[in-house]
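Subject: The structure I promised you

Hi,

Here is the structure we talked about, so please open it and keep it next to this email while you read.

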Amino acid sequence: MSPAHPTEKKFEDHIEQHLLKTGYKKAKPEDYDRDLCLIPAEVIAFVQDTQPEQWRKLEQQLKADTSRHLCDRLKKEIDSKGAIEVLRKGIQTRGCKFKLAYFKPSSGLNPDHLKLYQQNRFRVVRQLKYSTQNNNSLDLALFLNGIPILTAELKNSLTGQFVDQAIQQYKHDRDPREPLFRFKRCLVHFAVGNEKVYMTTQLAGEDTFFLPFNKDTENPINPNGFRTHYLWEDIWHPDTLLDLMQNYLCLEKKSEKVYENGRLVEKDKEQLLFPRFHQLDAVRKLLSTLKQEGTGHRYLIQHSAGSGKSNSIAWLAHQLANLYRKETDADRLFDSIIVVTDRQVLDRQLQNTIKQFEQTKGVVVPIETNSAALREAIEKGKSIIITTLQKFPVISNSTANQKGKRFAVIIDEAHSSQSGESAKHLTQTLSANLEDAEALDRSEEESLEDKIAADIQARSRNQSHISYFAFTATPKEKTLQTFGRPNTEGRYEAFHCYLMRQAIEEKFILDVLENYTTYKRYFKLHQKYELPTEFEKRKATRVLIDYVDLQPNKIDLKIRIMLSHFLEHVADKLNGRARAMICTRSRLHAVRYFQSLSRLMQEANLPYKPLVAFSGKVVDPDTEAEYTENSLNQLEAKVDIPDALKTPDYRILVVADKYQTGFDEPLLYAMYVDKKLRDVMAVQTLSRLNRTMKDKTECLVLDFTNEVEDIQAAFQDYYQATLLEETPDPDRLYDQKDEILRYEIFLEQDVDEFAAIFWNQPNHLEQIQPILDRARDQWRQREQEEREEFRSSLQKFVRLYGFLAQVISFGDTDLEKFYAFVRLLNRKLDPRESGKLPKELLDAVKLDSLRVERISEGSIALIRQNATLEGIGDGSGGIPQTPEKDTLANIVDHLNQTYGANLTEDDKIDLERIRHEVEQNPDLQAVMAANNTEQTKREKFSEIVDKILLKFIHTKLDLYRKIKAPEVEEFIKREWFEQFRDQDAG
């Protein structure tokens with residue numbers, strides 16, 4: 001016997017000894033019936049102990065064959081339906097009903113049920129010989145009431161064996177056709193090492209997909225023993241396994257569209273879901289904390305893309321629907337669970353996911369019609385309601401009859417769902433507790449102060465009847481402030497995290513920064529004539545840059561780079577199915593990029609076309625032509641863009657904002673970015689690429705606009721946990737209020753007069769108009785600088801109050817009155833004089849040169865450290881400064897210095913000589929003069945340019961290299977040819 005064997009045996013001994021202390025008993029390998037896949041004696045003992053009447057009823061019919069018949073029937077039912085359904089619903093035979101497991105009751109009001117729960121029989125078997133074909137054995141198997149529920153292969157690193165060897169053992173040495181290893185027969189299979197754990201619910205030979213089941217990429221050191229101790233000490237504990245079987249394990253049925261045999265078909269896929277560690281950990285910690293804290297609190301769950309967020313939300317929703325704070329409670333903690341999603345696409349995805357966890361029909365109510373249906377579902381106390389945020393404002397005044405009800409609100413993608421007036425309406429919809437309803441009935445009698453206090457309560461953090469659970473991968477400052485919790489250092493943080501870093505390391509998503517290439521455009525403008533006026537420098541600069549970016553040759557130049565990259569590095573990936581996305585900065589850009597790409601793909605005789613996605617209609621200002629998605633794509637009826645992109649007819653999608661969030665297409669392999677991406681938007685947009693699939697091990701990004709440092713900073717904020725600096729001092733509100741009143745544009749008496757109407761006479765709000773108009777007229781009489789200072793002060797107060805009201809209950813009715821007044825006054829003020837964009841300057845400039853050059857290529861590195869976002873500032877970002885003005889000549893000069901191509905003066909002289917020599921070439925002149933096609937003329941022109949350029953390879957090598965850069969050469973040939981052609985025609 002090798003020295004390694006007893007060491008591995010000790011690892012098994014250690015696990016077994018712990019299990020025996022937690023309620024397991026040891027069973028022998030020979031107790032297992034390989035044909036039945038059961039321990040028959042355990043099945044019979046459980047039934048006889050817990051259901052003696054049903055047993056006697058069956059025994060009267062079958063006599064001595066009772067045990068064998070019952071086990072045969074059980075085997076048949078498991079083979080047909082799967083173990084999880086049999087364990088949950090039991091079996092029937094000969095008029096008798098048998099339960100095969102008892103789950104923990106939600107409340108402890110039924111002591112008989114609790115007693116039955118305690119009679120479940122857990123057994124551990126080591127070195128289980130499972131096969132009817134041979135004597136192969138696996139290290140460990142756990143049984144519930146004689147039914148196998150999990151298997152495990154154990155590896156001790158002290159023997160040189162690691163978890164990878166256990167995985168390979170399952171893949172190569174455990175035949176999935178064996179009864180024990182057939183899909184749905186055993187619930188889960190664990191590969192267990194000293195340091196890491198992996199699991200799967202379906203063995204499929206070499207194609208078996210094992211999921212990590214670890215606390216992090218590397219489990220933390222356990223000072224008392226093995227790093228993976230949590231598996232047998234917690235997950236395999238009888239109570240935990242029964243909880244998993246009752247509330248988590250689920251047969252998920254998915255339907256996805258794939259392109260097969262020349263058409264799109266829907267393919268069904270079934271898998272048995274077993275929660276990953278972070279999913280289980282998040283839900284269990286939330287439930288435990290709720291039992292301690294009760295309702296009225298907020299929880300932020302920062303789970304990265306690839307975390308399985310929809311399943312986590314579904315598990316949480318179903319658990320909350322049956323949650324009792326104490327075992328002796330008769331009523332559930334929540335009357336209704338409302339799942340709110342921000343986008344219709346995710347709404348549909350969540351509906352499908354949550355309904356699959358439904359064990360009792362009718363528990364889940366998706367609201368797909370109107371807000372009246374939502375109101376009715378809330379009034380009737382439906383357990384789980386799925387809806388969109390946009391439906392709440394319509395019914396915010398219609399729920400006064402929700403007396404004494406408690407709500408759990410689960411918000412998907414909290415960074416967008418929790419913001420703005422819609423979220424306020426959401427709060428109001430659910431805020432009609434008993435006191436609120438009575439307040440409405442007493443509206444004629446109560447004081448103004450009481451009404452304002454009720455409004456404060458409706459918008460404050462401390463709503464004792466509503467609990468919020470916000471899920472997001474990228475929490476913004478306001479999200480952290482609204483839903484996060486202060487830690488010991490006063491910084492707001494998420495309640496639970498599954499990090500982007502961990503998701504990448506565990507290969508649930510790809511690292512979109514691993515292959516990141518940046519390009520920079522260089523151009524020079526020429527001023528054709530002087531303009532007498534000065535222009536606002538910032539606006540003029542924007543107009544001129546837009547002018548450059550929308551030039552057909554500029555767009556063609558970039559599209560040629562993109563298309564060339566796609567054909568060379570992307571088109572053949574994923575067995576020729578890889579797709580790409582082009583992200584543009586506006587809808588007009590999207591239209592023109594699509595048109596350029598369509599033409600170039602057609603010229604190249606490619607067998608596929610592009611698609612374009614944008615909302616509404618676009619009118620091209622140059623041609624006045626009107627475009628929509630449908631008019632450009634010309635897809636068949638009932639074929640949408642995501643489906644069309646799956647077909648071989650389309651390979652590249654051009655977008656303007658649309659599909660840059662919430663779009664999951666694993667075939668996306670490359671992204672071409674030509675828009676400014678900042679902060680969260682950078683992460684969300686680029687993350688469209690990170691979805692994994694078979695054979696997809698990387699993704700590619702070509703960025704024409706952003707700096708590496710900006711993209712790095714955006715991702716670093718969400719690579720690890722995201723924290724927020726402490727809350728600003730609420731007393732700043734009083735200081736800001738005093739600052740506003742010092743302008744003497746209105747008085748506090750005006751605020752009181754306004755408030756008396758605003759809260760007491762809601763049907764006569766026209767009476768507040770004169771009060772606001774007086775203040776606005778006073779404001780109009782001030783100098784422009786003072787007007788803007790005052791406006792800035794109003795906006796600071798409005799933003800700061802609205803922010804702090806999310807987390808602090810002020811209880812100050814004067815502040816609430818002041819807030820309501822200045823918020824509406826700010827809206828009444830005349831808009832800032834924006835000034836017209838200086839379009840006339842475009843006639844005075846001409847684009848002289850343009851090129852695009854690769855700047856960087858490779859991986860953008862991130863570091864393992866938590867990010868801290870700055871807390872809210874004063875609000876408006878300071879007083880607007882007087883716009884800086886300058887002459888067109890200076891503006892053009894500044895742009896040329898910033899974006900100018902790096903050609904020396906000598907280079908420019910040489911280029912003019914080359915151009916002159918090309919135009920004087922007699923062969924070219926003959927071709928141009930003849931009745932040839934433009935394509936023939938263009939090809940001859942290119943040929944002559946190449947010949948003349950070759951003369952410079954020895955004498956002007958540096959210039960030759962600059963010109964032969966593909967994007968520069970293409971630009972020069974096109975520009976020179978078009979000018980030469982036009983001169984010749986003239």
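Below is what I found in it, starting with the whole chain and then going to single spots.

**The whole chain**

Before anything else, keep in mind that this is a predicted model. The protein chain has 986 residues, and 53% of them count as buried. Its secondary structure comes to 39 helices and 33 strands. If you take the contacts with a separation of 6 or more, 76% of them are between residues 24 or more positions apart.

**Two pairs of helices**

Two packed helices are described by the angle between their axes and the distance between the axes.

Start with helix 2 (residues 40-50) and helix 4 (residues 66-81): they pack at an angle of about 105°, and their axes are 10 Å apart. Angles from 65 to 115 degrees count as roughly perpendicular, so helix 2 and helix 4 fall under that heading. Which residues meet there? From helix 2 you have Pro40, Val43, Ile44 and Val47, and from helix 4 you have Ser67, Leu70, Cys71 and Leu74. This contact is made of 7 nonpolar residues and 1 polar one, with no charged residues.

Now go to helix 29 (residues 748-760) and helix 32 (residues 813-828), which pack at about 90° with their axes 9 Å apart. Helix 29 is therefore roughly perpendicular to helix 32. On the helix 29 side, the contact is made by Asp750, Val751, Asp752, Phe754, Ala755, Phe758 and Trp759, while helix 32 brings in Glu816, Lys817, Phe818, Ala820, Phe821 and Leu824. This time the residues divide into 9 nonpolar and 4 charged, with no polar ones.

In helix 7, the buried residues are Val163, Ala166, Ile167, Gln169, Tyr170 and Lys171. What do they pack against? Strand 6 (147-154), strand 7 and strand 8 (197-200).

Between helix 7 (163-173) and strand 7 (188-192) there is a loop, and Lys184 sits in it. Is Lys184 buried or exposed? Its relative accessibility is 17%, so it counts as buried, the cut-off being under 20%.

Most residues other than glycine have a negative phi. Lys184 is not a glycine, yet its phi is positive, near 80°. Glu624 is another non-glycine residue with a positive phi, about 60° in this case. You can find Glu624 in the loop between strand 25 (618-619) and strand 26 (626-627). At 67% relative accessibility, Glu624 counts as exposed, whereas Lys184 counts as buried.

Ser336 belongs to strand 13 (residues 336-341). Its relative accessible area is 0%, so Ser336 is buried. What lies around it? Leaving out residues up to four places away in sequence, Ser336 touches Ile378, Gly381, Lys382, Ser383, Ile385, Arg406, Phe407 and Ala408. With Lys382 you can look at a particular atom: the side chain of Ser336 reaches the backbone oxygen of Lys382 at 2.9 Å.

Thr240 is in helix 9 (residues 238-247). With a relative accessible area of 9%, Thr240 is buried too. Apart from its neighbours within four places in sequence, Thr240 is in contact with Asp234, Ile235 and Arg284.

**Two distances to check**

Thr474 lies in the loop between strand 17 (466-472) and helix 18 (477-483), and at 5% relative accessible area it is buried. Where does Phe715 come in? Along the chain, Thr474 and Phe715 are 241 residues apart, but their C-alpha atoms are separated by 9.5 Å.

Glu943, in helix 36 (residues 934-950), is partly exposed, with a relative accessible area of 33%. Leu924 is 19 residues away from Glu943 along the chain, and the C-alpha atoms of these two are separated by 9.2 Å.

Cheers

Definitions and conventions
Residues numbered from 1 in each chain as written. Predicted model: local features only at pLDDT ≥ 70, side-chain atom pairs only at ≥ 80, totals over all residues. Heavy atoms only, no water. Axes fitted to C-alpha atoms, helices over the stretch in contact; angles between N-to-C directions. Helix = DSSP H or I, 4+ residues; strand = E, 2+ residues; numbered from the N terminus. Parallel < 35°, antiparallel > 145°, perpendicular 65-115°, else oblique. Contact = heavy atoms within 4.5 Å. Nonpolar A, V, L, I, M, F, W, Y, C, P; charged D, E, K, R; others polar. Buried < 20%, exposed > 50% of the residue type's maximum accessible area, 1.4 Å probe, protein only. Polar contact = N/O pair within 3.5 Å; in protein donor to acceptor, adjacent residues only side chain to side chain.
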